[in-house]
Structure formats: C-alpha cells, structure tokens
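Dear colleague,

Please find the structure below, handed over for your own calculations. My findings on helix packing, cavities and backbone geometry follow it.

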Amino acid sequence: MSDPSPVRPAVPVLDVWCDLQCPDCRAALDDVRALRARYGDRLELRLRHFPLEKNKHSFAAAQAAEEALEQGRGWEFVEAVLGRVEELDRAGEPFLVEVARELGLDAEEFDTALIDGRHILIVDADQAEGKAIGVSGTPTYVIDGERLDGGKSQEGLRERIEQIADRLLAGQE
C-alpha cells in the first residue's frame with residue numbers, strides 16, 4: 001500500500017562555524033539561542049568546528065563537543081564551554097572533562113576520547129570544509145549557500161538569518 005501524503009522536504013540547515021575558545025562565538029550565543037527558540041525543529045542548527053590556531057585548547061574543545069554530541073548533550077556542552085571561555089584558556093583539557101561531569105555526562109569517556117582522538121577526523125573534516133568555502137574566522141554562519149561572517153560583528157546577522165530561514169520555510173508550504 002502506498003502512502004498518498006506528500007514527502008515533506010527536509011528542514012533548512014544553518015551551519016554555525018565555531019571555535020569553542022573564541023570570545024566572539026560566546027557573544028554569538030544569544031543569537032544562536034534565539035534562533036533555536038524561534039524555529040525549534042523547523043531549522044536544523046549544525047555546529048561545525050573551525051578551531052583557530054591562536055586558541056591552543058580549541059581543537060580539544062571541538063573533539064570534546066563531538067563526544068558530548070555522541071552522549072546526547074552537544075549544544076548544552078557547547079553553551080557551557082563558551083560561557084566560560086576564560087576557564088578553558090586557563091585550565092585546558094581538564095576543564096572540558098569537568099564540564100562534562102557537571103552536565104552529568106560520562107567524564108571518564110570524555111577523558112578517553114580526548115586521549116584516543118576518536119573525533120579528530122570529524123573536526124579535521126569540518127575545518128577543511130570551512131576553509132574550502134571561505135571560512136576564515138568565527139563565528140561564521142552558512143544558510144542556503146550564503147556565508148555570513150560574525151567574527152567582526154554580530155550586528156544584523158540574526159535578522160539576516162531569520163529572513164533567509166523564513167523565506168526557505170515559506171517555500172516548503
């Protein structure tokens with residue numbers, strides 16, 4: 001028996017290119033939270049890793065975020081780390097394990113994941129893709145093929161993202 005209902009198109013995707021040790025990414029958290037609240041599951045927000053060389057713990061933080069995602073609490077972990085960038089600057093990898101523990105995640109598994117590097121390929125692939133599409137700083141957003149650079153200023157970016165998302169969602173109806 002065939003289902004006569006039309007296939008619903010996939011939801012629009014907003015890629016958020018981020019460095020978890022970046023103060024500008026922390027400043028962008030309010031916009032990301034507002035977008036998640038406004039659109040819920042009608043807009044897929046994907047964390048994409050773009051650790052900057054100047055931030056010595058950002059590559060480990062990106063791997064830790066992948067472990068948090070695997071344990072079902074990716075965005076919570078990202079928000080917790082970005083909210084405490086200074087602590088990450090000071091404490092490094094032990095801070096990432098501490099945040100995992102605070103969130104009720106398996107901190108031992110976090111520690112193991114950082115040691116065995118099981119998420120390195122994901123982080124490397126994100127970074128390579130980011131470079132290929134012209135990402136040079138963080139945060140950078142990509143929605144419907146349009147790249148929006150938030151590294152210099154977040155001013156007006158959320159509104160532009162909302163315009164594009166609203167247009168995409170209207171086209172699905």
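Helices α2 and α7 are roughly perpendicular to each other, a label that applies because their angle falls in the 65 to 115 degree class (under 35 counts as roughly parallel, over 145 as roughly antiparallel, and the rest as oblique). The angle between α2 (residues 58–70) and α7 (residues 120–132) is about 115°, and their axes are 9 Å apart. Axes here are lines fitted to C-alpha atoms, for helices over the stretch in contact, with angles running from 0 to 180 degrees between N-to-C directions. Helices (H or I, at least four residues) and strands (E, at least two) are DSSP runs, numbered from the N terminus.

This is a predicted model, in which local features need pLDDT of at least 70 and side-chain atom pairs count only at pLDDT 80 or more, while totals for chains, interfaces and linings use all residues. Residues are numbered from 1 along each chain as its sequence is written, and side-chain values use heavy atoms, with hydrogens and water left out.

From α2, Phe 59, Ala 62, Gln 63 and Glu 66 meet Ile 120, Ile 122, Val 123, Asp 124 and Gln 127 of α7, where contact means heavy atoms within 4.5 Å. This contact comprises 5 nonpolar, 2 polar and 2 charged residues; Ala, Val, Leu, Ile, Met, Phe, Trp, Tyr, Cys and Pro count as nonpolar, Asp, Glu, Lys and Arg as charged, and the others, Gly among them, as polar.

Helix α2 also packs against α3, at an angle of about 145° and with the axes 7 Å apart. Here Ala 61, Ala 64, Ala 65, Ala 68 and Leu 69 of α2 meet Gly 74, Phe 77 and Val 78 of α3. The classes in this contact are 7 nonpolar, 1 polar and no charged residues.

A further pair is α1 and α8 (residues 157–170), packed at about 25° with axes 11 Å apart. This angle makes α1 roughly parallel to α8. Among the residues in contact are Asp 30, Asp 31 and Arg 38 of α1, and Arg 158, Glu 162 and Asp 166 of α8. By class, the contact has 6 nonpolar, no polar and 6 charged residues.

On a 1 Å grid over the protein atoms alone, a cavity is a set of points where a 1.4 Å probe fits but cannot get out, and lining residues have an atom within 4 Å of a point. Grid points are joined across faces, edges and corners, and a volume is the space filled by probe spheres set on the points.

The largest cavity holds about 70 Å³. Its lining divides into 12 nonpolar, no polar and no charged residues, including Val 16, Leu 29, Trp 75 and Tyr 141. Helix α1 gives the largest share of this lining, 4 residues.

The second largest cavity has a volume of about 30 Å³. Cys 18, Asp 19, Leu 20, His 49, Phe 50, Pro 51, Ser 58 and Ala 62 line this cavity, and they divide into 5 nonpolar, 2 polar and 1 charged.

Two backbone features complete the list. The peptide bond from Thr 138 to Pro 139 is cis, with omega near -5°, and Pro 139 is placed in the loop between α7 and β3 (140–143). Asp 144, although not a glycine, has a positive phi of about 50°; Asp 144 is in the loop between β3 and β4 (146–149).

Yours sincerely

Definitions and conventions: On a 1 Å grid over the protein atoms alone, a cavity is a set of points where a 1.4 Å probe fits but cannot get out, and a pocket is an open set with protein on both sides within 12 Å along at least five of seven lines; lining residues have an atom within 4 Å of a point.
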